[in-house]
Structure formats: C-alpha cells, structure tokens
Amino acid sequence: MKNRFEKPKFAASGIAAVPYRDTAYCVQVILENFPEAPFLPVMTRGIRWMLEGIPCLVIDREKRQITMAPPEEREDELLEFYDRVEQGDLDYFATTSKTAHFYEAMIEAIKQNPPPELKWILVQSAGPVLLGDMLKQEANGKPCLFHETLRDVLIKGINMKCKWLEKKIQEDIGDVEVVIDQPETTLVNFTSAGGSGNRGDLISAINEGFAGLTGPTFIHCCANIDWSLLTDTNVDIINFDAYQHAVEASLYAREFRKFIEDGGMIGWGIVPVIEDLLEKENLQSLVEKLERAIDAFVKTGIDEELLASSSWVLPCCETVLLTSEQSDRVYRLTREISETMRRKYGFSSQGTA
C-alpha cells in the first residue's frame, strides 16, 4: 500500500526545464497558471545544479563535458562523500544559488506571497538511471550506471539532494506537499528488446533514489516503455506522454489498476511540446484526446471515479525547446484542461482527498 497523499483531482502543473531567460517573468507565468501546484523551474541546459556534493567529477570546460573519474583515484573525495551520507548531512548536498538561482527565486516568491490555493510544490532532480546513463566513465566512456561504485554514488547523491530540497521547502514555505520528480527519460534504452538493463537493478535504483522522502514521489518518462517496470516501483505518481502513448500504456491495465488501487496516481502528459503538434491543437481537441485516453483505461476495468481523482494534468514534457510564447501557451492550455476536467467530474480546486 502506497502512502495516502491527497488526491490531485486533475490538478495542473508542469515539467521543470523552461525556455525563459527572465527569472521574474518565469516565476510569474508558473504561479499564474499553476497556483495550486507550482514547480521549481530549471533555466539552464547544463547539469551542474544536479551535481553539487557528488564526488569523482571531471569537468572539462573546453569540451563542455562532465565525466566521472575511477573511484580509486579520488579516495579522499569518496570517503568524505560517504561520511556525509552516513551523518545525514543534507546541507552538504544543497543546490546553491551559484548553480540554480532559479530554484531560489521561485522558493522566495512563494515564501513571500504564497498563493491561497497552494497545496503542492513540484521539484525536479534527476533519476538515478537517467543520470547514470548521461554521465560517462572517464576511463572507458561507458555509462556510470554500469560501474557499481559510481552507480551507488549517484543514487545516494540524488537521494540526499532530494531530501535537502524537501527539507528546505518545508522549512521556508511550511504546510505543503513537496512532490519530488526524478525523471527517467532514457529507460527505453534499457527496457527495449535490445536494451541492456536488468529489471531488478533498475527498480532497485529507482526505489533507492526516493528512499526516505516524506512527500509524493514522481517519475516522468515520455518514451513508451514496459510500464510494469514503474508500477512495480515504490513511486507514487507515474507521468507519461498521454498525447502519443495513452493507448500503449492502457495495454498495462492490470498493472495500472493495482497501482491506482494501492494509492498511486497518474500524470497525464496531454499538451504537446513539439512545435508542429502544438500548433494544430486547441483546448477542445486536447480535452477530447484526454477523455479518449481515460476511456481507454476505464474500458480495461479501472474505476473511472478513482482514476479521475488520482489524475494530474501536465504537458507531455519540458517546454525548453519551444519559444517563450509557445511555452506560455502550453501552460495556459494545461491549466484550462485542468479546469475543464474538474468541471466535468465535479471537482472543485479546493477538493480534498
């Protein structure tokens, strides 16, 4: 049985990376569209903000590349890292204003003037499988995911950073559920027919990345994968690209039914973030698409009322590759779909679990 967090009832939010360069405008857009569940934006294409506190990093500024050195070459760093983890020293893993001023700006804005509707704050770090795939070993160019020690370092480092973020938001803002997103956008590389991942190892890595967090846990995956991999984890919210993959996801109806009945929630990524697709859609067409997606799940035997109450409304993915104006439209559509679905199902914005 999963933790019994408040049900979203089609609450709307977004995925972290944005195209905005004006921090004040970015904060304004997010709070205007998602006052109930704002997210901390990521206003950079770099990954340094994910890595503070992580040992064994090799930063090549000329190549704009980060790799990880063999652990035996960085024993002092490694020992300090594990000592900090053992002590539970969350501040050692803080995301600072040096790498993520955008986090600080959003937290401060909410702290100074919290929206009356505020219930959740969504925070994105990195999934351990994703980060272990992105970061390569300096020695051989292979993903760090396949090095036992480096994989353990990344899992523990991510976990400590997320605990720090959760603690900071709770201290600065108070009574709000902190939803931690550890996206796993490269899982398809490991779960496809030609993939090289061990199912048990992937599930273990995901669970360890979320271990000890007190709020709802959230995984964003926009590829079409074996969804039973995520329904078998301890995650509370599974967010997928419902614009393109709702039918495929509904093929895992038995697994999703158990997941939802156990307290899990679905994040419907229904607003496209690809320019050509976005241009041809409007509120009505996207609502109809979401209704068809929900129907595909309900036809498999999932209780419609339970599914609706367990549903989030989100864009398909990040808006970082769009223009600022297009991103504005994505967020506006996401909010309007949320409002439309709540009216349809009789949910008020202040509904309770």
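How many nonpolar, polar and charged residues does the lining of the second largest pocket have? The exercises below lead to this and to related points.

The model is predicted, so that local features need pLDDT of at least 70 and side-chain atom pairs count only at pLDDT 80 or more, while totals for chains, interfaces and linings use all residues. Residues are numbered from 1 along each chain as its sequence is written, and side-chain values use heavy atoms, with hydrogens and water left out.

**Exercise 1.** Describe the second largest pocket and classify its lining.

*Solution.* Begin with the term: on a 1 Å grid over the protein atoms alone, a pocket is an open set of points where a 1.4 Å probe fits, with protein on both sides within 12 Å along at least five of seven lines, and lining residues have an atom within 4 Å of a point. Next, take the volume, which is about 400 Å³. The lining comprises 16 residues, and Gly-46, Ile-47, Arg-48, Arg-64 and Ile-66 lie nearest the centre. Two or more of the lining residues come from each of H2, strand S2 (57-60), strand S3 (65-68) and helix H4 (97-112). The most, four residues, come from H4. Finally, sort by class (Ala, Val, Leu, Ile, Met, Phe, Trp, Tyr, Cys and Pro are nonpolar; Asp, Glu, Lys and Arg are charged; the others, Gly among them, are polar).

**Exercise 2.** Describe the largest pocket in the corresponding steps.

*Solution.* The space in the largest pocket is about 600 Å³. Its lining has 32 residues, with Ala-17, Arg-45, Cys-317, Glu-318 and Val-320 nearest the centre. Helix H2 (48-51), helix H5 (128-134) and helix H10 (242-250) each contribute at least two lining residues. By class, 21 are nonpolar, eight polar and three charged.

**Exercise 3.** Characterise the aromatic pair of Phe-39 and Tyr-331.

*Solution.* Rings of Phe, Tyr and Trp (its six-membered ring) pair if their centres lie within 6.5 Å; planes under 30 degrees apart are stacked, over 60 edge-to-face and the rest tilted. The whole structure holds 19 aromatic pairs. For Phe-39 and Tyr-331, the centres are 5.8 Å apart and the planes stand at 65°, an edge-to-face arrangement. The two residues are 292 residues apart: Phe-39 is in the loop between helix H1 (23-33) and H2, and Tyr-331 is in helix H15 (residues 324-345). As a last step, consider burial (buried is under 20% relative accessible area, exposed over 50%, partly exposed in between, with a 1.4 Å probe and protein chains only). Phe-39 is buried because its relative accessible area is 1%, and Tyr-331 is buried because its relative accessibility is 0%.

Technical notes: Points joined across faces, edges and corners; volume = space filled by probe spheres on them.
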